[in-house]
Amino acid sequence: MPSVTAEEAPRLRPYMRLAEQLGSFAGQLTRSGLQAVTIEYEGHVATLNTRPLTAIALAGLLGPALDSVNLVNAPVIARERNVQVSEIKHDRDGDYQTLIRLSVTTDRRTRDVAGTLFGGDKPRLVEIKGIRVEAELGRHMLYVTNEDKPGFIGRLGSVLGEARVNIATFHLGRAAPGADAIALIEVDQALDDALLARVRAIPGVVQAEALRF
């Protein structure tokens with residue numbers, strides 16, 4: 001396990017939660033063979049001891065598929081499965097004072113998700129698949145990718161309302177008008193398969209997944 005000094009621990013603590021969320025988010029959406037993982041650190045976080053953060057991100061990424069994974073054995077499991085893990089630190093100015101970006105490559109695609117800290121200790125997702133979105137992750141989330149077409153948000157809200165699912169927060173992002181869009185919705189209860197099937201049947205939906213954090 002990567003060592004953390006008493007001086008480093010309080011500075012790393014909020015980043016640990018962010019790294020775990022980024023890994024878990026990507027892991028719950030990864031359906032095919034994992035080949036490579038790249039974790040980029042930019043801004044303030046790049047000046048810290050990032051080895052524990054990489055281990056935590058890997059544990060979050062592998063956790064949905066492996067019950068026994070943890071931050072101690074996650075790097076070992078990744079090596080055993082021939083998953084190439086890269087850690088990159090950027091010495092440059094960006095849009096955020098601190099940023100962690102996780103890129104996951106499978107045999108089908110590469111997916112990336114990035115996050116930062118608001119107020120020094122509040123994790124936020126700020127980008128998914130190159131689309132800007134500002135979202136705080138709650139316990140139960142609905143992740144939807146769709147075509148950006150008029151009326152979609154209303155239809156999605158109606159399906160959730162008919163199922164008596166209460167929406168806590170609703171976050172949207174799109175690549176461009178009429179192009180790919182993302183909806184990330186926090187709800188008050190777990191979503192069952194029947195409801196997910198109804199969401200996936202909405203015209204324009206490309207993918208819909210229930211996530212839990």
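I looked up K122 and found a salt bridge to D121, with the closest N and O atoms 3.3 Å apart; the term needs a side-chain nitrogen of Lys or Arg within 4 Å of a carboxyl oxygen of Asp or Glu. K122 is partly exposed at 40% relative accessibility, and D121 is partly exposed at 45%. Here buried is under 20% relative accessible area, exposed is over 50%, and partly exposed is in between (1.4 Å probe, protein chains only).

The model is predicted, so I note its limits: local features need pLDDT of at least 70, side-chain atom pairs count only at pLDDT 80 or more, and totals for chains, interfaces and linings use all residues. Residues are numbered from 1 along each chain as its sequence is written, and side-chain values use heavy atoms, without hydrogens and water.

I searched the whole structure and got 11 salt bridges. One of them joins E127 to R101, with 2.7 Å between the closest N and O atoms. E127 sits in strand β5 (residues 122–128) and R101 in strand β3 (residues 98–106), so this pair ties together parts 26 residues apart in sequence. Strands are DSSP runs of E, at least two residues; helices are runs of H or I, at least four; both are numbered from the N terminus. E127 is buried, at 16% relative accessible area. R101, D112 and E127 are linked in a salt-bridge network.

I then checked E147, which pairs with K149 at 3.4 Å between the closest N and O atoms. E147 is partly exposed at 38%, and K149 is partly exposed at 45%.
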